[in-house]
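Trainee: I have a new model open and would like to learn how to read it. Could you walk me through a few features?

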Amino acid sequence: MARPRRIVLLRHGESEGNADYTVYEREPDHALRMTGLGHEQAAAAGVRLRELFGEERVSAYVSPYRRTLQTFRDLGLDPARVRVREEPRLREQDWGNWQDREDVRLQKAYRDAYGHFFYRFAQGESGADVYDRVGSFLESLYRSFEAPDHPPNVLLVTHGLTMRLFCMRWFHWSVAEFECLSNPGNGDYRILGLGADGRYRLDRPFERWTTPEPYDLDG
């Protein structure tokens, strides 16, 4: 199995929704564009990634949202060395209907109290739902490694929550560990590097906003 040397997870640049949450009342999440700052963040990430990949080939998977596709374009990777595929399973968590601002505010409060992993937005998804589709994608990714000519680099251009859930699934983190982690910044990335012992390690941790509190087995 030709496992890649590194797997890079990249969050899209700043979107209109990151800059102004009221835009969700007028535009669907998948259609939101990047801001000027978002384009700058993506271009800066591209400089670093082009240096990281060098002359090596890259297998890229991109969420089908406009802001992730724009981010990938702004990276400026050499198309002769990159095999790119649109991957719907790497899309953002489905938040449901965000047109009612007060309902969204209440649902976010419920989610914060209930837990980001288990709470399911009305007409949308829970973190657990996203975890399941990320797991399905990982199975496909593993199978792709069986190709003897698989590129030494994998790049996933996706969303903050999806990045955390990918790592949760890959490293077998607990729900309690996931709940304490913050999203990376826009245009930020994490690298899963293959070590000499055949194991992948994260180049740097996600920031924690609190300390994990595991459930007691006896309640």
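Trainee: Let's start with one side chain: is Phe-145 buried or exposed?

Mentor: Keep in mind that this is a predicted model. Phe-145 is buried, because its relative accessibility is 1% and the cut-off for buried is under 20%.

Trainee: How do I describe a pair of aromatic rings?

Mentor: You give the distance of the centres and the angle of the planes. A search of the whole structure turns up 14 aromatic pairs. Tyr-142 itself is partly exposed, at 32% relative accessibility.

Trainee: And what does a stacked pair look like here?

Mentor: Take Phe-171 and Trp-173: their centres are 5.7 Å apart, with 20° between the planes. Phe-171 has a relative accessible area of 22%, so it counts as partly exposed. Trp-173 is partly exposed too, at 23%.

Trainee: Which residues do ring pairs link into a cluster?

Mentor: Tyr-142, Phe-145, Phe-166, Trp-170 and Tyr-200. Have a look around Trp-170: setting aside neighbours within four places in sequence, it touches Ile-7, Leu-138, Tyr-142, Phe-145, Leu-192 and Tyr-200.

Trainee: Where does a charge sit over a ring?

Mentor: Look at Arg-190. Its charged end lies over the ring of Phe-206, 5.1 Å from the ring centre.

Trainee: Now the nonpolar cores. What's the general idea?

Mentor: In soluble globular proteins, nonpolar side chains tend to be buried together. In this model, the largest nonpolar core has 27 residues, and Phe-166 and Trp-170 are among those with the most contacts inside it, as are Ile-7, Leu-9, Leu-141, Leu-156 and Leu-192. Strand E1 (6-11), helix H5 (127-144), strand E4 (153-158) and helix H6 (160-171) each give two or more residues to this core. H6 gives the most, with 7 residues. There is also a second, separate core of 16 residues, including Phe-53, Ala-60, Leu-77 and Val-82.

Trainee: What about a residue in a loop: where is Gly-13?

Mentor: Gly-13 is in the loop between E1 and helix H1 (16-19). Gly-13 counts as buried because its relative accessibility is 0%.

Trainee: Which residues is Gly-13 in contact with, leaving aside its neighbours within four places in sequence?

Mentor: Those contacts are Asn-18, Met-34, Gly-38, Gln-41, Thr-71, Asn-186 and Gly-187.

Methods:
Residues numbered from 1 in each chain as written. Predicted model: local features only at pLDDT ≥ 70, side-chain atom pairs only at ≥ 80, totals over all residues. Heavy atoms only, no water. Phe/Tyr/Trp six-rings, centres within 6.5 Å; stacked < 30°, edge-to-face > 60°. Buried < 20%, exposed > 50% of the residue type's maximum accessible area, 1.4 Å probe, protein only. Lys NZ or Arg CZ within 6 Å of the ring centre and 35° of its normal. Core = buried A, V, L, I, M, F, W, Y, C linked by side-chain atoms within 4.5 Å. Helix = DSSP H or I, 4+ residues; strand = E, 2+ residues; numbered from the N terminus. Contact = heavy atoms within 4.5 Å.
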